[in-house]
Amino acid sequence: MTPEAFAVVEQRCGASRRQNDTFGSLLPADRSDTRRVELARAAIDLAQEHHSATVRLFLAREFGAAAALLRPILEAATTGDWLVYVASNEQVAALPMDAADNPVVDVPPLGEMAKSLVPVFPPISMIVEGWKPGGAAKWLHKYAHGSVPQLNRRGADGWSKDDVVLALIRADTFATVACCLETVLAPNRPLAAYGFGRRDALAQERFDLFGGVAVPPQPAMLPEAPLVLAERM
């Protein structure tokens, strides 16, 4: 990558860094609440950490390692949604409370969680279909698992400026989805104003730079979480 191209990458990394810092200032520091909310906030925090690491790795020119974190960011976001909208009281109670590396009970695999969220977020069905063999979204897994798209980028051409900018937009979008979940857990008007606006701005940025299907501004709110509300009554 030429110095001129990397200068563009550095500038775009600055935007991602500012997003991470802004969400960090708006998210609550205290996770204590019900076990469900505690775990959901931990998932949001994990997405934020993965996002921060992604930006740092791109700045260090460790492009493959940075791209491999795209799936974990989305996985953390999906885990938070699953805990808030889908997981039964029994499933939450069964999750261990220690830090053992190989728990007998754990959150479901990414695909299973995504399928269970389709009734809450119908557009997820397009992503679920895209993860099937030959699907348009299989790149997410291929980057994480070191498949051919990763291996081919180890050659002379490497990662282009556009490759990195698109990956940063994707990382920002996944992390934004994760952080916006906090607006369901507790009232947070500043986070809602920034988060949903950032989500729509990222969709527009992607369309302006890379084309594809234009995504109109979405509702500036998420569905209520009856499971969370019931546990607080």
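1. Surface first. The accessible surface of the protein comes to about 12,100 Å², and 59% of that belongs to carbon and sulfur atoms. Areas here come from the Shrake-Rupley method with a 1.4 Å probe, and for residues only the protein chains shown count as cover. Keep in mind that this is a predicted model: local features need pLDDT of at least 70, side-chain atom pairs count only at pLDDT 80 or more, and totals for chains, interfaces and linings use all residues. Residues are numbered from 1 along each chain as its sequence is written, and side-chain values use heavy atoms, with hydrogens and water left out.

2. Overall fold. You are looking at 13 helices and zero strands; from the N terminus on, the order is simply α-α-α-α-α-α-α-α-α-α-α-α-α. The radius of gyration is 18 Å, close to the 17 Å that the globule rule gives for 233 residues, so the protein is as compact as a globular protein of that length. That radius is taken over C-alpha atoms, and the rule is 2.2 Å times the number of residues to the power 0.38. Along its principal axes the C-alpha trace spans about 60 × 40 × 35 Å. Helices are DSSP runs (H or I, at least four residues), strands likewise (E, at least two), numbered from the N terminus.

3. Of the 233 residues, 41% are buried. Buried means under 20% relative accessible area, exposed means over 50%, and partly exposed is in between (1.4 Å probe, protein chains only). Among contacts with a separation of 6 or more, 72% are between residues 24 or more positions apart. A contact means heavy atoms within 4.5 Å.

4. The core. The largest nonpolar core has 56 residues, and F58, L70, V84 and Y85 have the most contacts inside it. Helix α4 (residues 70-85) gives the most to this core, with nine residues. For the record, such a core is a set of buried Ala, Val, Leu, Ile, Met, Phe, Trp, Tyr and Cys residues joined through side-chain atoms within 4.5 Å.

5. Y85 up close. Leaving out residues up to four places away in sequence, Y85 touches L117, V120, F121, L181, V184, L222, P223, E224, A225 and L227. Colour those in your viewer and you have the surroundings of Y85.

6. Aromatic pairs. Searching the whole structure turns up five of them. F58 and F63 make a tilted pair, 6.1 Å centre to centre with 35° between the planes. F58 is buried at a relative accessible area of 0%, and F63 counts as buried at 11%. Y85 and F121 form an edge-to-face pair, 5.3 Å centre to centre with 90° between the planes. This one links distant parts of the chain: Y85 is in helix α4 and F121 is in the loop between α6 (110-117) and α7 (124-130), 36 residues apart. Both Y85 and F121 are buried. The cut-offs: rings of Phe, Tyr and Trp (its six-membered ring) pair if their centres lie within 6.5 Å, and planes under 30 degrees apart count as stacked, over 60 as edge-to-face and the rest as tilted.

7. A cluster with arginines. W139, Y143 and W159 form one aromatic cluster. Which arginine lies over the face of W159? R153 does, at 4.7 Å from the ring centre. The ring of W139 has the charged end of R170 over it, 3.7 Å from its centre. To count, NZ of Lys or CZ of Arg must be within 6 Å of the ring centre and within 35 degrees of the ring normal.

8. Q48 lies in helix α2 and is buried, with a relative accessible area of 8%; setting aside residues up to four places away in sequence, Q48 touches N20, F23, G24, L27 and C179. L46 also lies in helix α2, but is partly exposed at 40%. R61 is in the loop between α2 (35-59) and α3 (63-68). Phi of R61 is near 65°, a positive value in a residue other than glycine, and R61 counts as partly exposed at 43% relative accessibility.

9. A buried arginine. R198 sits in helix α12 (residues 189-210). Buried or exposed? R198 is buried, with a relative accessible area of 15%. Beyond neighbours within four places in sequence, R198 is in contact with R12, A15, Q19, D172 and T176.
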